[in-house]
Amino acid sequence: MSWFNSVGALINLDHPGHFLHWHFIQVSVANALVMTLMVATFVVALLAPFPGRRSRKENR
Amino acid sequence: MSKSFRPDVDAPEWRGGYTPYDIIKEGTIALVVVAVLTVALALIFSSPDEHAVTIKTWSNATPVDFAQTALSELNGTSGTAQYGAPYNTASDGQKLGPLSLAKWVGVHQPVNTIQDFVIDPLTALPDQSALTQALDAWRGATASTRSGWVDNYTKAATQMTYAHGQIVVPATNAGPVPLFINDLTMMARSGALDQALVTQHGFYTTNYTKPLLFLSDGSYLASLAQKDHLLGTQWGMMNETGSYPGQAWLWLYTFWYQVTPFSTSANADVQVWGVMMLLSVVLLFVPFIPGLRSIPRKTRVYRLIWREHYQNL
């Protein structure tokens, strides 16, 4: 149990969050980070080549 | 008979070659990656660990706020007492233009704040002779007498204090009301009121409607929510306690609450619901809406995704 507790506290997020304010927009830094990662994943999904492209070309 | 080609609806017949695609393999890889990420992130960051707010913690932290809220349940000025459906008929509730949607649904979670939040819990306290007499006096009094007692106590309650374990209000001609408020506060501080409010519906106590309503009528819960940016005016729907990321996908739902006319409307809940339902219907019918359905074709993002194919055309 104590091992799990110590591992679970590697990075403790149970403290007051930080928020970004711009006019009426308020977003937590954690949410902004997640949204940035989601957009980045989307862009990577668009631009990264399909796996197996090389082997398909070789098969042609 | 040949029809004209409709670019948003029709697809030309594919005359090229085909490549095998193993969707089971891709699904398995996705499942394993997500599972590994989930376990790893849970190990590194753990999870939110906020203790549940109870009436006991509230009444011990701010006994005067609790006692003032208990009084508002007794004099009918609390948010729950004046909410309307589904709890009572005190008002029409949320309206969407001329449509009284809440009223149409009706009272299906009846809450009588005087009886459910004050009289019934106090009646459950055993071996309280003074309280039993006070409750008998309340039950035996006419409505106007009760109203007079509550009004006299309410006027004096602006000077309410908490001293030496007692709620102190310089009220006169308030009948049993001072005893009710004081004993209910003591009951709350002991934790007995939490139990009394959830055990009114049989053996299994899974219905927390009443303690939650009581809690939300006070200012303590709202003050805690404000600290964690969980209020509706703080985009709270998409936030989590602490520094954890929250429900970011609810950004559009909570966005409407921040802008006029919704931010100043008493019917914002149903109005925002209406806007989201409208947008959901629009999304559902995108293939049938001219212009909107052409966006993917005109933005040509598909050519970026399938660029290898289009390079070879």
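Two strands count as paired if DSSP finds at least two bridges between them, and strands themselves are DSSP runs of E with at least two residues, just as helices are runs of H or I with at least four, both numbered from the N terminus. With that in hand, welcome to a predicted model, in which local features need pLDDT of at least 70, side-chain atom pairs count only at pLDDT 80 or more, and totals for chains, interfaces and linings use all residues. Residues are numbered from 1 along each chain as its sequence is written, while chains are lettered from A and ligands numbered from 1 in the order in which they are written.

**The hairpin of chain A**
- Trp22(A) stands opposite Ile25(A), which belongs to β2(A).
- Strands β1 (residues 19-22) and β2 (residues 25-28) of chain A run antiparallel and are joined by four bridges.
- Together β1(A) and β2(A) make a hairpin with two residues between them, and in the turn His23(A) has a positive phi of about 50 degrees.

**Where the chains meet**
- Chain A brings 22 residues to the contact and chain B brings 23 residues (two residues are in contact if their C-beta atoms, placed from the backbone, lie within 7 Å).
- On the side of chain A that touches chain B, at least two residues each come from α1 (2-8), β2, α2 (29-47) and α3 (53-59) of chain A.
- The largest share of that side, six residues, is supplied by α2(A).
- Sorted by class, that side of chain A has 13 nonpolar, six polar and three charged residues (Ala, Val, Leu, Ile, Met, Phe, Trp, Tyr, Cys and Pro count as nonpolar, Asp, Glu, Lys and Arg as charged, and the others, Gly among them, as polar).

**The overall form of chain B**
- Chain B holds 16 helices and two strands.
- Its C-alpha trace spans about 90 × 50 × 35 Å along the principal axes.
- Of the 313 residues in chain B, 21% are buried (20 or more other C-beta atoms within 10 Å of the residue's own, with C-beta atoms placed from the backbone).

**The nonpolar core**
- The largest nonpolar core has 31 residues, and Val177(B) and Tyr153(B) are among those with the most contacts inside it (such a core is a set of buried Ala, Val, Leu, Ile, Met, Phe, Trp, Tyr and Cys residues joined through C-beta atoms within 7 Å).
- The largest share of this core, seven residues, comes from α8(B).
- Leaving aside residues up to four places away in sequence, Val177(B) touches Leu74(B), Trp149(B), Val150(B) and Tyr153(B).

Terms used
Buried ≥ 20, exposed ≤ 12 C-beta atoms within 10 Å, placed from the backbone.
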